[in-house]
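This briefing is meant to be read alongside the sequence and the coordinates.

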Amino acid sequence: MQTEYLIAVDKFCACHNIEISFISSLQQNGLIEITTIEESNFIDAEQLQQLERIVRFYYELDINLEGIETITHLLQRLNIVQEENKALRNRLRLYEK
Amino acid sequence: MDFIDYYKILGIDKTATSKDIKNAYRKMARKFHPDLNPNDKDAKKNFQQINEANEVLSDPEKRKKYDQYGKDWQHAEEYEKQKQYQQQSSGSRGTRYSGTQSGGDFSDFFESMFGGSGFGNSGRQVKYRGEDYTSEIHLNLTDAYKTHQQTINVNGQKIRITIPAGIENGQTIKISGHGGPGINGGPNGDLYITFAIANHSIFKRLGNNLYATVELDLYTAVLGGEILLNTLDGQVKLKVKPETQNGSKVKLKGKGFPVYKNAGQSGDLLVTWDIKIPTNLTDKQKELFTELSKS
């Protein structure tokens with residue numbers, strides 16, 4: 001069985017000095033998933049990096065949620081393209097002398 | 001150590017107001033923030049410069065010192081001594097953008113003029129993850145074929161890592177917590193290692209399969225036979241079918257590359273035959289070939 005690491009939303013917010021409502025709005029926009037256990041909200045540790053990135057976009061770069069959604073989508077596409085580029089480069093090596 | 005023109009970095013002139021600085025900084029930060037430019041080393045470098053420029057220009061004390069001494073920054077120490085007699089100001093209210101990859105890297109010029117990392121002036125006492133470090137390891141194809149350990153040096157810290165067999169060229173692995181230290185009690189950053197695997201003179205790799213072109217003499221190609229073939233795992237005996245055609249392929253199942261993190265599983269080795277026509281034929285051989293051509 002795989003162990004799941006969860007981070008309490010209120011602790012994350014206190015740590016980053018942000019409003020809990022911000023995390024709720026991210027969930028409503030489908031940018032993160034929240035797990036509720038006995039009325040307490042948690043974030044999967046796997047999402048931590050993504051969430052911290054979103055916090056930086058919002059609080060430091062003044063990008064609104066619509067902008068963050070767009071950036072997240074584009075970054076995902078960029079990641080796919082970079083992976084494809086890497087695979088193609090490796091394929092090209094077959095024909096290099 | 002060269003003088004750094006912070007105004008130029010932010011694209012503003014010396015008369016810029018604090019609002020102008022903030023706007024210029026925000027604009028540049030949006031352009032070069034590492035979160036928006038993954039895997040772009042230039043963006044990271046530019047972002048650090050922008051951060052540093054903002055650190056100085058958004059802080060009235062630092063800006064004053066910078067403007068006053070500018071290119072003569074090496075004499076700034078005397079200024080510092082004088083300042084010790086004065087009451088210190090409360091510091092800047094400007095924010096300093098952070099990020100997993102931005103860290104506290106300041107230029108030697110900055111360190112020399114202002115000392116420290118400049119982090120103390122941040123408005124919010126927020127916990128930040130430490131900087132993510134990146135490193136590159138160069139391997140030969142034969143190194144990547146077997147699970148092995150290597151000790152690497154990252155920012156002065158020796159880290160022993162296990163490299164699983166089957167790692168791919170360009171693949172990046174994350175080593176959690178081995179990046180820069182967290183700020184204000186935040187967690188450490190991570191270490192990202194990218195592998196660069198050099199081409200092999202005989203074997204080419206695509207995914208888990210290996211490809212090799214092997215020379216075969218005409219007589220074995222025509223009549224069939226057995227040859228010894230080199231693989232990354234040693235030599236293997238391979239039967240050659242009679243009437244083997246030039247450019248035809250044979251697949252050796254399980255003799256390719258190990259599947260990453262799947263012990264016991266391997267790809268295939270695909271051999272392409274390169275049939276060599278004999279040269280410097282004797283008269284007798286020519287005669288026999290002529291006879292053959294008539295049959």
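**Strand pairing, helix packing and confidence**

In strand β5 of chain B, the residue that stands opposite B:T172 is B:T194. This pair belongs to a predicted model, for which the predictor gives the complex an ipTM of 0.74 and a pTM of 0.66.

**Sheet of chain B**

- The strands β4(B) and β5(B), the latter covering residues 191–197, are paired in the antiparallel sense, and four bridges link them.
- These strands are part of an open sheet of three strands in chain B, in the order β1-β5-β4, and the pairing within this sheet is mixed.
- At the edges of the sheet lie β1 (133–139) and β4 (172–175) of chain B, each of which pairs on one side only.
- With direction ignored, neighbouring strands of this sheet are turned by 25° against each other on average.

**Helix pair of chain B**

- Helix α2 (residues 18–32) and helix α3 (residues 41–57) of chain B have axes that come within 9 Å and cross at roughly 165°.
- Since an angle over 145 degrees counts as roughly antiparallel, α2(B) and α3(B) are therefore roughly antiparallel to each other.
- The crossing in which α2(B) passes α3(B) is left-handed.
- On the side of α2(B), the contact is made by B:I21, B:Y25, B:M28, B:A29 and B:F32, while α3(B) contributes B:A43, B:N46, B:F47, B:I50, B:N54 and B:L57.
- Sorted by class, the residues of this contact between α2(B) and α3(B) comprise nine nonpolar and two polar ones, with no charged residue among them.

**Sheet of chain A**

- Chain A has an open sheet of three strands in the order β1-β3-β2, with antiparallel pairing.
- The edge strands, β1 (6–8) and β2 (34–37) of chain A, each pair on one side only, and neighbouring strands of the sheet are turned by 40° against each other on average, direction ignored.
- Three bridges connect β1(A) with strand β3 (residues 40–44) of chain A, and these two strands run antiparallel; the bridge partner of A:A8 in β3(A) is A:F42.
- Helix α1(A) packs on this sheet, where it touches β1, β2 and β3 of chain A, and its direction makes about 65° with that of β1(A).
- The pairing of β2(A) with β3(A), also in the antiparallel sense, extends over four bridges, and A:I34 has A:I43 as its bridge partner in β3(A).
- The hairpin formed by β2(A) and β3(A) has two residues between the strands, and in this hairpin A:E38 takes a positive phi near 45°.

**Contact between the chains**

- The contact between the chains takes 21 residues from chain A and 24 residues from chain B.
- On the side of chain A that touches chain B, the elements giving two or more residues are α1 (9–16), α3 (48–60) and α4 (65–92) of chain A, and α4(A) gives the most, with eight residues.
- By class, this side of chain A holds seven nonpolar, four polar and 10 charged residues.

**Confidence along chain B**

- Chain B has a mean pLDDT of 83, and 80% of its residues reach 70 or more.

Key
Residues are numbered from 1 along each chain as its sequence is written. Chains are lettered from A and ligands numbered from 1 in the order in which they are written. This is a predicted model: local features need pLDDT of at least 70, side-chain atom pairs count only at pLDDT 80 or more; totals for chains, interfaces and linings use all residues. Two residues are in contact if their C-beta atoms, placed from the backbone, lie within 7 Å. Ala, Val, Leu, Ile, Met, Phe, Trp, Tyr, Cys and Pro count as nonpolar, Asp, Glu, Lys and Arg as charged, and the others, Gly among them, as polar. pLDDT is the predictor's confidence in each residue, from 0 to 100. Two strands pair if DSSP finds at least two bridges between them. Axes are lines fitted to C-alpha atoms, for helices over the stretch in contact, and angles run from 0 to 180 degrees between N-to-C directions. Angles under 35 degrees count as roughly parallel, over 145 as roughly antiparallel, 65 to 115 as roughly perpendicular and the rest as oblique. A crossing is left-handed if the near helix is turned anticlockwise from the far one by less than a right angle, and right-handed if clockwise.
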